[in-house]
Amino acid sequence: MIAMRRPHPYLPWIGQALLAAAWLVLAPTASADDAAAWLDRAADAAQKQNYVGTIAYQHGGRFETSRLVHLNDQGREYEKLVNLDGPAREVIRMNGEVRCYFPDTKIVRVEPRTFRNAFPSLSPQQQAALTDFYTFRMAGRERVAGIETQAWVFEPKDGLRYGHKFWADPSSGLLVKARIFDERNETVEQFAFTEIAIGAKIDREQVKPTWPVTPPDWKVRQSAPSEDAKDTGWTVMRPPPGFVKIVDGYRRLRDAREVAHLVYSDGLVAVSVFIEPIATAAHPFGVSRQGGINVFVRQQDDNLVTVLGEVPIATVRQIAHSVARR
Amino acid sequence: MREQISRLMDGDLEGAEAEAAFRELKQSEGFEHWTCYHIIGDCLRRTGAPTAGFSSRFAARLASEATILAPNTTQKPQPARLPLAWAVAATVAAVAVVSSVAVSMLDPQPTALAKAREANVIRTAQPRPQAVSPDYLLAHQEYSPTTLIQGVGPYLRAVSAGDGR
Amino acid sequence: MGDREIDQQLVERAQRGDKRAFELLVSKYQRKLGRLLSRFVRDAAEVEDVTQEAFIKAYRALPSFRGESAFYTWLYRIGINTAKNYLVALGRRAPTTTGFDNEEAEGFEDAEQLRDVSTPESELEGKEIAATVNHAMDALPADLRTAITLREIEGLSYEEIASVMNCPVGTVRSRIFRARDAIAAELRPLLGTEKDRRW
């Protein structure tokens with residue numbers, strides 16, 4: 001059933017935009033194609049649109065606000081995120097490279113662009129997984145940051161995943177609010193724009209970092225992927241249903257240690273598995289949480305296994321216990 | 001009551017129920033159940049053989065120790081608070097620009113508050129403790145679909161706790 | 001409340017003058033700490049001595065414990081220091097096992113066999129207890145055995161077990177208790193109830 005709407009009196013083309021999105025408004029629950037297409041649209045908007053706004057990031061009962069600016073200049077993306085509460089932090093994304101500034105400790109962390117950064121679209125397997133393991137359906141319309149958004153929900157079909165609700169600007173497809181919730185419908189994590197201007201004119205100056213690209217007396221921590229493109233030889237023996245391996249390679253993390261990095265994804269979320277020789281520094285073993293990400297660390301023989309992702313604790317734990325060499 | 005002790009040791013009791021269970025544990029019978037259940041766990045985990053009389057002997061030693069009294073030394077969790085910026089931003093949202101299909105020529109000015117904060121880049125608030133080094137989170141965010149569909153926002157997970165080390 | 005919170009609760013009670021609360025913590029961790037310290041000292045009586053000494057030191061230092069780490073992590077460090085000082089005082093050197101100082105208490109999973117640190121009599125008792133627990137486990141119905149295994153060996157929470165066993169949390173609660181109760185019934189005659197022989 002197609003939603004019928006009277007055209008907005010001041011923006012007559014709203015009706016057209018709605019019709020353009022109508023093909024998504026086909027049924028209360030949607031098919032795998034629709035879910036994948038919807039995600040593609042959101043990803044495309046995040047990449048192509050210019051926008052600036054204030055985000056409220058909520059997790060574990062805390063709120064933090066940040067300012068976000070995104071510019072697409074003839075296909076090249078520039079993004080700047082500045083937190084407005086707590087210790088100063090800045091995240092700059094430019095040409096796929098991500099830099100995080102920590103002025104209080106004078107550290108800048110650099111994630112270089114890798115060939116794996118290329119915009120991946122979901123494989124047919126992952127597309128099918130989306131609705132095998134989530135029910136994708138339209139939810140209500142809600143006003144967020146001054147926009148009449150359309151809400152969509154990915155409801156998990158098993159207890160190994162969280163639920164996800166997204167509020168999108170109907171015309172651009174850009175996500176204005178994203179919420180992860182658990183089986184009791186409690187918020188695990190939420191990103192919400194409290195104000196946003198989509199399609200605004202953004203100046204290059206607005207996306208430049210506050211500090212030089214590499215400030216002179218700062219420590220630079222680079223986390224490079226290994227030049228060697230070989231597989232690590234590690235695997236997760238019993239990944240949760242629907243989770244497919246999408247990354248398998250070594251990276252050099254802090255102290256230049258070679259760490260095996262595997263990523264498993266069900267199309268909507270990802271879980272990273274890091275395996276490295278156990279170092280001499282003490283490690284916090286067991287369960288912990290950072291925002292919407294649950295972390296589980298354990299020792300396996302002489303290795304440290306760290307599993308983290310946007311999934312419940314039981315899931316990261318289950319994965320951590322089934323890591324093995326192929 | 002044995003079931004309450006079983007639940008308490010697994011962290012399944014709260015509030016008044018937990019209080020009641022703690023009272024039971026003060027009695028010798030309750031203490032014995034606690035001990036017995038923990039011996040079972042240790043046997044299953046092959047942690048170590050129990051030794052007879054350990055508790056009695058320790059209790060005797062502890063009895064001759066001066067009773068410590070140091071209330072309120074452990075950290076209480078910080079209550080969640082709504083930062084000023086968010087409350088301000090919420091009112092700003094009422095006058096936020098409405099999106100449109102065509103690219104508009106608007107060039108919105110950041111709020112005065114945001115500008116002031118940006119100028120004051122070194123702040124004194126303590127960073128929250130982090131679960132793991134940002135390395136892992138940043139490597140993860142590179143491939144997480146959340147980054148794909150939300151942009152750089154989810155990187156907040158990696159930077160809002162800890163101090164970069 | 002999780003496992004860490006229960007320890008925290010007991011610590012706070014002990015800090016407010018409740019000695020019994022500390023004894024409950026000792027009862028929970030004495031075997032784990034004892035096994036750790038048995039790597040330093042071989043004699044069973046010495047191991048108990050050093051272990052008790054470590055607990056007493058921990059009790060005295062409790063006012064300065066603020067809960068930044070888990071209780072056992074903190075206790076572990078005190079234990080290691082106590083054992084080292086003990087050996088130094090006796091003129092003996094600590095064994096040079098690799099990475100020993102750097103092991104993180106909570107995650108340390110040792111597959112090594114139990115050291116032979118017992119006197120013949122207590123060794124027999126210890127073996128008998130272990131055998132009784134195993135026998136009682138074998139006799140349990142499968143669902144009770146699974147629940148208690150997931151809880152005690154895998155360390156899963158009730159919610160996680162409910163998810164894995166696909167049943168309500170209430171059922172998990174009941175299964176774990178019934179498993180413990182059944183094993184305890186077989187164990188209690190062995191443990192005895194004499195006041196001066198409390199385990």
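Trainee: What does chain C average in pLDDT, and what share of the residues score at least 70?
Mentor: This is a predicted model, and chain C averages a pLDDT of 80, with 80% of the residues at 70 or above. For the model as a whole, the scores are ipTM 0.86 and pTM 0.53.

Trainee: In which helices of chain C is confidence lowest and highest?
Mentor: The lowest mean is 81, in helix 5 (residues 120–139) of chain C, and the highest is 93, in helix 8 (residues 169–191) of chain C.

Trainee: Where in chain C does pLDDT stay under 50?
Mentor: Over residues 96–118 of chain C, for which the model has 35 contacts beyond four places in sequence. Where pLDDT is low, predicted coordinates should not be read in detail.

Trainee: Why does C:Arg13 count as partly exposed?
Mentor: C:Arg13 has 18 C-beta neighbours inside 10 Å. Buried needs 20 or more and exposed needs 12 or fewer, so a count of 18 falls in between and C:Arg13 is partly exposed. C:Arg13 lies in helix 1 (residues 3–15) of chain C. Leaving out residues up to four places away in sequence, C:Arg13 touches C:Asp18 and C:Ala21.

Trainee: What makes A:Leu68 buried or exposed?
Mentor: The count for A:Leu68 is 22 C-beta neighbours inside 10 Å. The cut-off for buried is 20 or more, so A:Leu68 counts as buried. A:Leu68 is in strand 2 (residues 62–73) of chain A.

Trainee: Which residues is A:Leu68 in contact with, leaving aside its neighbours within four places in sequence?
Mentor: A:Val52, A:Gly53, A:Ile55, A:Leu81 and B:Gly153.

Trainee: How do you know whether A:Leu68 and A:Phe193 are separated along the chain, and what is the C-alpha distance?
Mentor: A:Leu68 and A:Phe193 are 125 residues apart along the chain, and their C-alpha atoms are separated by 9.2 Å. For chain A in general, take the contacts between residues at least 6 apart in sequence: 50% of them join residues at least 24 apart.

Trainee: What is the secondary structure of chain A, and how many of the residues are buried?
Mentor: Chain A has 4 helices and 21 strands. Of the 326 residues in chain A, 49% are buried.

Trainee: Why is strand 20 (residues 303–309) of chain A called largely enclosed by the rest of the structure?
Mentor: Of the 7 residues in strand 20 of chain A, 6 are buried, so the strand is largely enclosed by the rest of the structure.

Trainee: What makes strand 20 of chain A a partner of strand 17 (residues 270–277) of chain A?
Mentor: Pairing requires at least two bridges. Strand 17 and strand 20 of chain A have 7 bridges and run antiparallel, so they count as paired. In this pair, A:Glu276 stands opposite A:Leu304 of strand 20.

Trainee: And how many bridges join strand 19 (residues 293–300) of chain A to strand 20 of chain A?
Mentor: There are 7 bridges, again in the antiparallel sense. A:Arg298 has A:Val305 of strand 20 as its bridge partner. The hairpin of strand 19 and strand 20 of chain A has 2 residues between the strands, and A:Asp301 takes a positive phi near 55 degrees there.

Trainee: What is the order of the open sheet of 7 strands in chain A?
Mentor: The order is 13-15-16-17-20-19-18, with antiparallel pairing. Within the sheet, strand 16 (residues 257–265) and strand 17 of chain A pair over 6 bridges, and A:Ala260 has A:Ile275 of strand 17 as its bridge partner.

Trainee: Which helices lie across strand 17 of chain A?
Mentor: Helix 4 (residues 313–320) of chain A lies across strand 17, strand 18, strand 19 and strand 20 of chain A, at about 25 degrees to strand 19. Helix 7 (residues 134–143) of chain B lies across strands of chain A including strand 15 (244–253), strand 16 and strand 17, at about 140 degrees to strand 17.

Trainee: Which residues have the most contacts inside the largest nonpolar core?
Mentor: A:Leu175, A:Val176 and A:Val273, in a core of 171 residues. Helix 2 (residues 19–37) of chain C gives the most to this core, with 9 residues. Beyond four places in sequence, A:Val273 touches A:Val236, A:Leu262, A:Val305, A:Val307, A:Ile319 and A:Val323.

Methods:
Residues numbered from 1 in each chain as written. Chains lettered and ligands numbered in written order. Predicted model: local features only at pLDDT ≥ 70, side-chain atom pairs only at ≥ 80, totals over all residues. Core = buried A, V, L, I, M, F, W, Y, C linked by C-beta atoms within 7 Å. Contact = placed C-beta atoms within 7 Å. pLDDT = per-residue confidence, 0-100. Axes fitted to C-alpha atoms, helices over the stretch in contact; angles between N-to-C directions.
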